[in-house]
Amino acid sequence: MYDFKAVTLGIVSTRRDTFPSPKKAIEINGRIMERIRPFVDSLDGVTAVYAADVVPDGLICELPETDRVIEYFREKKVDAVLMLHANFGQEEAVGRLGAALRVPMLLWGPRDGKKGSDEGFRDGDTQCGMFASTRALLRWGVTFTYADNTWLEDPEIEAEIEKFTRVAAVVKAYRNMRILQISSRPRQFLSVKINESELMEKFGFQLTTIETTLLMEKVKEIRENREAELRKALQDWENRYDFSGVPEENRLSMASLVFAIRDFAEQYNCNTVACECWNVPEAACGVSGCMSFAVLEDMGITASCECDVNGAISAAFARAAARGDSAAFFADVTVRHPSNDNAELMWHCGRYPASLTRSEKPKVDPEGQLYHELKKGDITMIRFDGTRGQYYLYADEGRGVDGPKTQGAYVWLEVENWPKWERKLMYGPYIHHMAGVYGKYKDVIREACRYLDIKFDCADIEVEYR
């Protein structure tokens with residue numbers, strides 16, 4: 001199963017060969033590592049790979065040692081690089097490493113000397129050197145992220161590194177995008193049409209298509225041969241969902257569908273699922289797929305309804321931005337709030353996971369739909385889509401607020417200016433589906449888009465009339 005949390009981060013520093021003093025650079029780098037290493041090592045899901053394992057003090061200057069670090073980082077399959085400047089640094093080494101690896105790179109170096117003192121104020125000329133390093137990267141056509149030249153003890157660098165790991169997770173998800181497509185779209189839904197060839201040729205996204213008959217056969221095999229596993233799983237789910245009105249046979253059918261989709265996703269190494277949900281789940285197991293999709297979300301398998309492939313991709317980006325800290329939810333953008341002009345109903349017929357609920361236990365009906373309201377809190381809504389060969393990743397933020405109760409699963413989302421959102425979504429290339437995730441990740445998506453062949457979009461960007 002794809003791990004949205006996992007990021008392998010390569011950490012390397014650079015120094016100049018002459019002025020400023022190489023000896024002083026080693027001392028400064030020691031202080032940097034004392035500051036940075038404990039924080040990086042504390043980040044859940046981040047595997048740190050240190051250049052110090054292959055070059056003295058983890059510093060690159062000359063090209064042979066740079067090449068050793070490149071080879072080591074490739075061997076460890078780093079997803080991103082933290083490039084630290086211990087002094088002016090060596091722009092040639094920085095550019096060579098960036099051009100060789102082509103992964104997200106965060107550049108940072110501390111301000112010279114001591115805060116509030118003129119002692120050592122030119123120990124490294126670090127800022128000056130980063131101007132040179134960034135120009136070298138631009139010459140090689142390398143995209144990079146820059147963190148402000150702050151004091152070593154300032155807290156901003158931790159926030160920048162943490163945010164950068166989320167950017168790296170989004171880029172990693174993009175480069176590993178494998179979508180499990182179950183059946184085809186509902187006939188009426190022209191809005192979810194995609195260009196599969198373009199997704200593959202332009203981005204390398206891979207679709208694995210499962211026919212309805214294969215899903216039916218898989219559900220039947222699981223139901224007949226794995227009942228003990230199904231019952232054990234249901235015991236766990238019954239701690240989180242209210243199945244009180246659901247016949248036992250229907251519960252087992254819902255569990256069989258969960259197992260079938262999970263097995264296919266694992267078999268084909270897919271990180272997101274697009275499933276026709278009007279007819280296929282009922283044909284496969286006799287109930288709606290809502291409950292099963294909700295459980296899959298909490299297992300770490302994102303999914304979209306109505307075979308919306310671009311929606312499934314949106315959900316994968318949402319989950320990656322959160323690095324798995326929050327399940328995603330797949331929403332219909334439905335109606336405006338009756339008394340709050342900046343709030344909108346984010347609804348679906350019942351496939352939001354229990355981990356996001358405001359209720360003690362979401363209510364499951366006999367057909368497999370869920371009834372509950374999602375919790376309050378910061379929410380980022382995301383939509384990937386394209387038209388005429390240009391693809392966009394819309395991301396914007398709001399918060400859950402009170403509103404009228406309704407059926408299914410829902411949350412009322414309040415934003416700064418809903419008419420801007422509405423106008424943007426109407427002019428497209430977006431539709432009535434968006435993926436949501438708890439947390440504030442608009443800037444993460446904006447930065448990630450710099451590494452992707454996708455144009456960032458949000459409500460504050462002027463509408464493009466197509």
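Tutor: Welcome! The model is predicted, so local features need pLDDT of at least 70 and side-chain atom pairs count only at pLDDT 80 or more, while totals for chains, interfaces and linings use all residues. Residues are numbered from 1 along each chain as its sequence is written, and side-chain values use heavy atoms, leaving out hydrogens and water.

Student: Why is α1 called oblique to α5?

Tutor: Helix α1 (residues 22-42) packs on helix α5 (residues 156-175) at about 40 degrees, with axes 11 Å apart. Angles under 35 degrees count as roughly parallel, over 145 as roughly antiparallel, 65 to 115 as roughly perpendicular and the rest as oblique, so α1 is oblique to α5.

Student: And what makes α8 roughly perpendicular to α9?

Tutor: Helix α8 (residues 227-237) and helix α9 (residues 248-267) pack at about 100 degrees, with their axes 9 Å apart. That angle makes α8 roughly perpendicular to α9.

Student: Why is the pair of Y174 and F203 called edge-to-face?

Tutor: Rings of Phe, Tyr and Trp (its six-membered ring) pair if their centres lie within 6.5 Å; planes under 30 degrees apart are stacked, over 60 edge-to-face and the rest tilted. The centres of Y174 and F203 are 6.0 Å apart and their planes stand at 70 degrees, so the pair is edge-to-face. Y174 lies in helix α5 and F203 in helix α6 (residues 196-203), 29 residues apart.

Student: How do you know that Y174 is buried?

Tutor: Its relative accessible area is 9%, and buried means under 20%, exposed over 50%, partly exposed in between (1.4 Å probe, protein chains only). So Y174 is buried.

Terms used: Axes are lines fitted to C-alpha atoms, for helices over the stretch in contact, and angles run from 0 to 180 degrees between N-to-C directions. Helices (H or I, at least four residues) and strands (E, at least two) are DSSP runs, numbered from the N terminus.
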